[in-house]
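Please go through the chain below with attention to its strands, its charged side chains and its loops. The report takes these topics in turn.

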Amino acid sequence: MYGIISIYPTLSLEESIPPIDMPFPSGERIIYKDGIYYCPVKHNQLSNSTALCKLCIAKEKELLE
């Protein structure tokens, strides 16, 4: 069900699945720079089969640095 819901922000709005103002447990947040979303935790979740990170358009935050 969450996979179906996540299609709207990702494909229709071209936004990351988690909103920019949502804090992660590490205290970091999604960054939006030059039209690209960067996620600080995406690399931790790619092996998690229940995470929606595979559907999210956000790039790895480390690519920004």
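## A buried glutamate

The side chains of Glu60 and His43 are joined by a polar contact of 2.6 Å. A polar contact is a pair of N or O atoms within 3.5 Å; within protein, one atom must be able to donate a hydrogen and the other to accept it, and residues adjacent in sequence count only if both atoms are side-chain atoms. The model is predicted: local features need pLDDT of at least 70, side-chain atom pairs count only at pLDDT 80 or more, and totals for chains, interfaces and linings use all residues. Residues are numbered from 1 along each chain as its sequence is written, and side-chain values use heavy atoms, with hydrogens and water left out.

Glu60 belongs to strand E3, residues 59–60. Helices (H or I, at least four residues) and strands (E, at least two) are DSSP runs numbered from the N terminus. Glu60 is buried but has no salt bridge, and the nearest side chain of opposite charge, Lys42, is 6.9 Å away. Buried means under 20% relative accessible area, exposed over 50%, and partly exposed in between, with a 1.4 Å probe and protein chains only. For charge, Lys and Arg count as positive and Asp and Glu as negative, while His and the chain ends are not counted. A salt bridge requires a side-chain nitrogen of Lys or Arg within 4 Å of a carboxyl oxygen of Asp or Glu. Apart from neighbours within four places in sequence, Glu60 is in contact (heavy atoms within 4.5 Å) with Tyr38, Cys39, Lys42 and His43.

## The sheet

Three strands make up an open sheet of mixed pairing, in the order E1-E2-E3. E1 and E3 are the edge strands, each pairing on one side only. Two strands are taken to pair if DSSP finds at least two bridges between them. Strands of a sheet pair through backbone hydrogen bonds, either parallel or antiparallel.

E1 and E2 pair in the antiparallel sense over three bridges, with Ile31 opposite Tyr38 in E2. E2 and E3 run parallel and are joined by two bridges; here Tyr38 stands opposite Lys59 in E3. E1 and E2 also form a hairpin with two residues between them.

## The salt bridge

By the rule above, the salt bridge count comes to one. Glu28 and Lys61 form a salt bridge, with their closest N and O atoms 2.6 Å apart. Glu28 lies in the loop between H1 and E1 and Lys61 in the segment after E3, so the pair ties together parts that are 33 residues apart in sequence.

Glu28 is partly exposed, with a relative accessible area of 30%, whereas Lys61 counts as buried at 18% relative accessibility. Not counting residues up to four places away in sequence, Lys61 touches Glu28, Ile31, Tyr38, Cys39 and Pro40.

## The aromatic pair

The structure holds one aromatic pair. Tyr32 and Tyr37 form this pair, which is tilted, at 4.5 Å centre to centre and 50 degrees between the planes. Rings of Phe, Tyr and Trp (its six-membered ring) pair if their centres lie within 6.5 Å; planes under 30 degrees apart count as stacked, over 60 as edge-to-face and the rest as tilted.

Tyr32 is partly exposed, with a relative accessible area of 45%. Tyr37 counts as buried, at 11% relative accessibility.

## Loop residues

Glu14 is found in the loop between helix H1 (2–12) and strand E1 (31–33). The phi of Glu14 is near 55 degrees, a positive value in a residue other than glycine. At 57% relative accessibility, Glu14 counts as exposed. Asp34 lies in the loop between E1 and strand E2 (36–39) and has a positive phi of about 55 degrees although it is not a glycine. Asp34 counts as exposed, at 72% relative accessibility.

Thr50 is found in the loop between helix H2 (42–45) and E3. Its relative accessibility is 66%, and Thr50 counts as exposed. The side chain of Thr50 makes a polar contact of 2.8 Å with the side chain of Asn48.
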